[in-house]
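Start with a hairpin, then follow its neighbours.

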Amino acid sequence: VCTSAGNVYFSSDAGTTYTVQSGAVTAASSKALNAIHFSDYEHGWAGGVTSALIQTSDGGSSWAAVTPPAAMSVRSLYAFSKERVIIGGTADELYETWDGFVSDTEAKTYSGKSTTGVVAGLAFNNDHVGFMIHNTAAGVGTIFRSVDGGHIWDALTTPSNLGLNDIVALDDNTAFAVGNAKSGTAVVLKVSA
């Protein structure tokens with residue numbers, strides 16, 4: 001897990017106890033981290049505010065700062081491998097890299113993209129099919145689906161909501177998302193393609 005203080009904590013006992021991975025807070029310059037994802041036991045990425053983006057290749061024993069493709073606050077990310085990563089930001093940014101943000105990076109577009117929304121969640125079922133949460137500045141969330149690895153995103157019919165926070169892909173056609181309370185009730189949404 002990552003924290004607003006820039007820490008990353010690791011658990012080897014299913015969440016009963018956690019230990020801090022001290023190198024993460026240094027690599028992140030103590031900036032708040034919003035998202036973390038590992039592609040395997042060794043390779044992981046975390047991102048946060050004010051261009052905080054860090055990666056590990058040794059299961060979190062050490063972390064290194066990575067320069068994102070633009071000055072941005074990372075809100076969501078998904079690591080396919082140690083070098084292929086897709087990140088979403090708080091100003092509608094969506095970028096994918098195939099070499100760990102060294103030089104091979106592509107900005108993505110999607111319907112409704114502006115500069116005032118947030119790419120709040122990313123989840124892939126496999127290398128090709130994934131889901132994305134986009135919240136507008138007014139706080140209304142839409143779920144998008146990609147079937148080509150994140151190149152093209154199509155909006156899905158998304159139930160009424162006041163903003164969505166995270167998403168999980170169940171299969172190529174189904175995802176669940178959680179969001180802000182609506183009429184005093186927590187929101188859990190199921191979408192199908």
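How many residues lie between β15 and β16 in their hairpin? Four residues separate the two strands. This is a predicted model, where local features need pLDDT of at least 70, side-chain atom pairs count only at pLDDT 80 or more, and totals for chains, interfaces and linings use all residues. Residues are numbered from 1 along each chain as its sequence is written, and side-chain values use heavy atoms, without hydrogens and water.

Strand β15 covers residues 164–169 and pairs antiparallel with β16 over five bridges. Strands are DSSP runs of E with at least two residues, numbered from the N terminus. Two strands pair if DSSP finds at least two bridges between them. V168 has F176 of β16 as its bridge partner.

β16 spans residues 174–182. Seven bridges join β16 to β17 (residues 185–192), again antiparallel. V178 stands opposite V188 in β17. The hairpin of β16 and β17 has two residues between the strands, and S183 takes a positive phi near 55° there.

V168, L170, F176, V178 and V188 make a nonpolar patch of about 410 Å². F176 is partly exposed, at 32% relative accessible area (partly exposed lies between buried, under 20%, and exposed, over 50%, with a 1.4 Å probe and protein chains only).

Elsewhere, an open antiparallel sheet has four strands in the order β7-β8-β9-β10. β7 (74–79) and β10 (105–107) each have a single partner strand, so one side of each lacks a neighbour in the sheet. β7 pairs antiparallel with β8 (residues 85–89) over five bridges. Y78 has I86 of β8 as its bridge partner.

Notes
Patch = residues over 30% accessible without salt bridge, like charges linked within 9 Å, V, L, I, M, F, W, Y side chains within 5 Å. Areas by Shrake-Rupley, 256 points an atom, 1.4 Å probe, with all protein chains shown as cover. Salt bridge = Lys/Arg side-chain N within 4 Å of Asp/Glu carboxyl O.
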